[in-house]
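Morning, everyone. Let me put the model on the screen, and then we'll walk through it.

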Amino acid sequence: MKNLYIFIAVLFIPWSFSLAKYDDFEDGDDIMEYDDNDFAEFEDVSEDTVTESPQRIITTEDDEEEATVELEGQDENQEDFDDADTQEGDTESEPYDDEEFEGYEEKPDASHSKNKDPITIVNVPAHLQNSWESYYMEILMVTGLLAYIMNYIIGKNKNNRLAHAWFNTHRELLESNFALVGDDGTSKEATSTGKLNQENEHIYNLWCSGRVCCEGMLIQLKFLKRQDLLNVLARMMRPASDQVQIKVTMNDEDMDTYVFAVGTRKALVRLQKEMQDLSEFCSDKPKSGAKYGLPDSLAILSEMGEVTEGMMDAKMIHFLTHYADKIDSVQFSDQFSGPKLMQEEGQLTKLPETKKTLLFTFNVPGSGNTSPKDMESLLPLMSMVIYSIDKAKKFRLNREGKQKADKNRARVEENFLKLTHVQRQEAAQSRREEKKRAEKERIMNEEDPEKQRRLEEAALRREQKKLEKKQMKMKQIKVKAM
Amino acid sequence: SPLPPARYKPPATETNPALEDPTPDYMNLLGMVFSMCGLMLKLKWCAWIAVYCSFISFANSRSSEDTKQMMSSFM
């Protein structure tokens, strides 16, 4: 801050020096009078130069953007000067008493113009002119803002149209499969709103519920940020597409325990790094699905081979092959807890909550340049979702698979516990200390000396018991070791 | 195969601020910084950038945010 003030102060000095130059032309100005006192040395100079050309007095107002030059009719009386002063507020009252002047109005004169020629017409600097050119910066900026606003409105409307086109196409299928289509959580009773829930200008939600097997299905239409001009420009460099994300939450009894994903290789690599469950249960790199007839663009991440075998039935393969270009990723997981949480060290004391989930991410065709008609091509994908729900319910691991799955889950939990062992120990330790402290305080605060003594004795006895227990344990361990 | 036990109510969608796009907040902050700069140092271009920042922040904002806050950031 101090530097800032110094900087501003430094800026002021040359600025005020530049003002002094005006002394040549502005004698008797209200402001110039002030300056005259400060820069008295210039005053003599100005007087000399002024007397050289008695026919002209040039005044400029430097505060306002208008420059006017006036010749005053000067009488010998100061009163005239005063009148002139009160009229204009910026006229000079310099010693031209002897000379008579006629009131001329000359063209605007520059502050830079030398006082040599009697009449010089000089260009007024830009900041003093009153024409459009001097505002070119403002005009540019405002035009930019207008462009931004226009893009905002156009983009917002396009996203809106796309969303409703999608919904109109899918409405029938959804309504035939789900009892509740559309809910925003605000109404007391569960009634279908039958409408999309707009989260912001590029994200629309739809909650569907009331079907066997699944608790509910949340559909998120994640459009590109067409309403933000910056984003539009960025997308010209790096094309991206709108996405439809569908998250089906399964009932606990309706899905067996497995983790499985299929999708584009790029998407799977990313998910394997980001998603908690995929990174823990699917240790191998994404494998090619060519064995099952899948196109090369798709890969598979699976907890165990049996799951892949079970998942890749004819119909699923048909879906995946036919709509491979629209599929970004499909994830079935009983240990789904979302992306890995970035937690500070020492805070992680509990495993994140998991829910049995089927997660689908589809890319809308058109890669940004979508039209409402493209939404129809996504309808078969919704059929795939419905089919997957039923399939997930039907698919059960055999005994071997179940054993493996249980082992995996136990292993993951154990690893986690080991990791946080130290932290949990510390937490337990601090809790014990807190208890002790609280007890001590209670004893101190106890006013009755009798009671105090009794409490102290009780505390002592407890401590002794604990010590004894520990000693017993140590003895037992020693015996076992032997 | 429709219509069996109807289940209700959506979970509050994504109340996980860590996952959300930070753009509107950054733009808000930048806008304030630039407007302060423009005011203190009397640089017009700073003020213009601040206006742009607040527009961008508004365009990217989540619907849950106050319109009052938007308006104040515009100022």
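Start in helix H12 of chain A, residues 399-445. A:Glu439 and A:Arg442 both sit in that helix, three residues apart, about one turn. Residues three or four places apart in an α-helix point the same way, because the helix has 3.6 residues a turn. A:Glu439 and A:Arg442 form a salt bridge, with the closest N and O atoms 4.0 Å apart. A:Arg442 is partly exposed, at a relative accessible area of 47%. There is also a network here: A:Asp256, A:Lys402 and A:Asp406 are joined by salt bridges that share partners.

One caution before I go on. This is a predicted model.

Next pair: A:Glu274 and A:Arg270. Their side chains meet in a salt bridge, 3.8 Å from N to O. Both lie in helix H7 of chain A, residues 265-274, and they are four residues apart, so about one helical turn separates them. A:Glu274 is partly exposed at 37% relative accessible area. A:Arg270 is partly exposed too, at 38%.

How many salt bridges does the structure hold over all chains? The count is 17. Which residue of chain A does B:Lys44 pair with? The partner is A:Glu138, with the closest N and O atoms 2.6 Å apart. B:Lys44 lies in helix H2 of chain B, residues 44-59, and A:Glu138 lies in helix H5 of chain A, residues 136-177, so this pair joins two chains. Look at the two ends. B:Lys44 is exposed, with a relative accessible area of 53%. A:Glu138 is buried, at 17%.

An unreviewed UniProt entry lists residues 29-55 of chain B as "transmembrane region". In the model, that span is 93% helix and 0% strand.

Now chain A as a whole. Its secondary structure comes to 13 helices and ten strands. Of its 482 residues, 40% count as buried. Take the contacts in chain A with a separation of 6 or more: 66% of them come from residues 24 or more positions apart. Chain A exposes about 29,200 Å², and carbon and sulfur atoms supply 54% of that.

On to the inside. In soluble globular proteins, nonpolar side chains tend to be buried together. Which residues touch the most other members of the largest nonpolar core? They are A:Trp166 and A:Ile219, in a core of 60 residues. Helix H11 of chain A, residues 379-394, gives the most to this core, with eight residues. Leaving out residues up to four places away in sequence, the contacts of A:Ile219 include A:Trp166, A:Leu174, A:Tyr204, A:Val244 and A:Met382. A second, separate core has 13 residues, among them A:Val259, A:Leu268, A:Leu271 and A:Phe281.

Last stop: helix H10 of chain A, residues 314-322. Its buried residues are A:Met316, A:Ile317, A:Phe319 and A:Leu320. They cover an arc of only 160° around the axis, so they fall on the same side of H10(A). The face turned away from that buried side carries the exposed residues A:Ala314 and A:His322. What covers the buried residues of H10(A)? The cover includes strands E6, E8 and E9, together with helices H9 and H11 of chain A.

That's my tour. Questions, please.

Note on methods:
Residues numbered from 1 in each chain as written. Chains lettered and ligands numbered in written order. Predicted model: local features only at pLDDT ≥ 70, side-chain atom pairs only at ≥ 80, totals over all residues. Heavy atoms only, no water. UniProt positions renumbered as here; feature names shortened; annotations may be inferred. Buried < 20%, exposed > 50% of the residue type's maximum accessible area, 1.4 Å probe, protein only. Contact = heavy atoms within 4.5 Å. Areas by Shrake-Rupley, 256 points an atom, 1.4 Å probe, with all protein chains shown as cover. Core = buried A, V, L, I, M, F, W, Y, C linked by side-chain atoms within 4.5 Å. Arc of directions from axis to C-beta.
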